Amino acid sequence: MKIEIIRHSLAHILAYAVQELFPAATEGEPRQGRGVKFGIGPAIENGFYYDFMFKNPLTPNDLPKIEEKMRELVKKGFSFEKKEISKKEAEKLFSDQPYKLELIAELPENKITIYKSGDFVDLCAGPHVKSAKEIPVDGFKLNEIAGAYWRGSEINQMLTRIYGLAFETEKELADYLKMQEEAEKRDHRILGQKMDLFHIDENVGPGLILWHPKGALLKKIIMDYALNEYLKTGYQLVDTPHIGKLNLWKTSGHTDFYKENMLPPMHMKEIGKEEKDDYQIKPMNCPFHIVIYKTGIRSYKDLPLRYTEMGTVYRYEKSGTLHGLVRVRQITQDDAHIFCTPEQLSQELFSTLKLTYKILKDFDFKEFDVYLSTQPEKYVGSPKVWEKAENSIKYSLEKLKIKYETDVGGGAFYGPKIDIKIKDSLGRPWQCSTIQLDFNIPERFDVNYIDQKGKKQRVIMIHRALLGSIERFIGVLLEHYVGSLPLWLAPVQAWIIPIGTRHNQYAQSVKKDLSSLRVEVKDENETVSKKIRNGELQKIPYLLVVGDREMKNKSVRVRAKNKDLGEIKLTKFVEKAKAEIEKKK
Ligand SMILES: [Zn+2]
Ligand SMILES: [Zn+2]
């Protein structure tokens, strides 16, 4: 908590520095004009900000000067003094500060607290450090200027927000900056562009991904791999429409509890008299899988039934929260629904978890944050089934030696769930896999099976997506590998680069010999060094240069990860590549 107080206190000091540098007096720097107006300045994750209204716009070039002033002020070591005043006094004190006056108007009559730090007075409830001496003089840095609407509302004026970072030590700040630098290097939006995988087009719409040939191929490789694993372990492939009658989502309850994430319904009657029903673009695949399940009478002997689909769903996400591939409006899920009896539940959970771990490990993820969310206060289904389900999950997690945290009472009203966050090579967690039990939807759709005694019983349903959203998963993979995808995933695994036109024919014969790989011959009229540069930029795993020597020796000169690995016999290279693909390394 201490650091939060430091961060918030720094917001005051930032405002103090601004007050000193952009004074209200007529003298002062000519371009600043007069009278900075002060907004608010809270602590945030990793730092703080303060909103100001400057008469003339500020530029990032102004930040070092403000930061220097802040340091100068911190070194003075003044104290933060609290004072309680009346509303009248506050209004007088902040008479030239319209934003403060707006805040004061909302405060109680006689309990207005102000804080004085040095020559700066601010309206604030605290808490702050006692003295500026407590602030690490090398632990903070101003890092950004942005526009921000007063109180976050578009109908208000746009203010200038200055952001700062703050940590308890200089080293922590340096570590954070280093981490940021690393994160920037692996930003999947930039890598996606360099590698020519995808783009988002303003003519198409935010959160909608346009996959280019190599990106689409990458997506297919991942989906094919996952689907194959599912089919091998007893899942059945289904395929369902992207739209369906709105009524389905009324039955499922989504129009109530999932409304905000759904796109508006389509009024079919507007286009033709014969269509009376409204349709909905699907936010989830579940109702369709249930409808398939219900096409027959299912006996306990038919269960478990596991329906899987690379299902594309559409969800409304606020445009401000969209982010490259990791938060989109069109999501391809490696979705599945398992229908089973209570007796089969343990085994199903165990095998689902086991499969999840196998798959995530194949993608080189080794560390996970696992959360089990249990029965909330309001729930549907019988307490006995909840207990059994939770115990089965715990048992499976423990048997598989998976460390997890329990979020007591954090489950959805319809069932407990397991969320798995994968940690990338920078240690950042990403929500991917989810396994959710559902005691509600089988009830709403009246989904049954016939038990040993010939009696109708309610089925138990598990929703699960192991990669989660394929879009997000690819974003995470790109950041995890900094774009250098392992050979088995790389959409283009090698380029064959002939040195001169007289080597083109040999290049083509090499391509034939490498027919088990995804290979391109780069015989366009460009220098070899330029092709190598492009190949490295596009993170092509192997660049195979061929000239006279290679032609004579039936070999290739191999470059991988910016290194020259020398000449390798073609047959050897094929073996090496095959082994690499086999090991998924
Ligand atoms: Zn304060
Ligand atoms: Zn579902």
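Biologist: Where is Lys 539 found?

Modeller: Lys 539 is found in the loop between helix H16 (528-537) and strand S26 (542-546). Helices (H or I, at least four residues) and strands (E, at least two) are DSSP runs, numbered from the N terminus. This is a predicted model, in which local features need pLDDT of at least 70 and side-chain atom pairs count only at pLDDT 80 or more, while totals for chains, interfaces and linings use all residues. Residues are numbered from 1 along each chain as its sequence is written, chains are lettered from A and ligands numbered from 1 in the order in which they are written, and side-chain values use heavy atoms, with hydrogens and water left out.

Biologist: Why is Lys 539 called partly exposed?

Modeller: Buried means under 20% relative accessible area, exposed over 50%, and partly exposed in between (1.4 Å probe, protein chains only). Lys 539 has a relative accessible area of 26%, so it counts as partly exposed.

Biologist: What is the phi of Lys 539?

Modeller: Phi of Lys 539 is near 55 degrees, a positive value in a residue other than glycine. Most residues other than glycine have a negative phi.

Biologist: What makes helix H10 mostly covered?

Modeller: In H10 (residues 286-293), six of the eight residues are buried, among them Phe 288 and Tyr 293.
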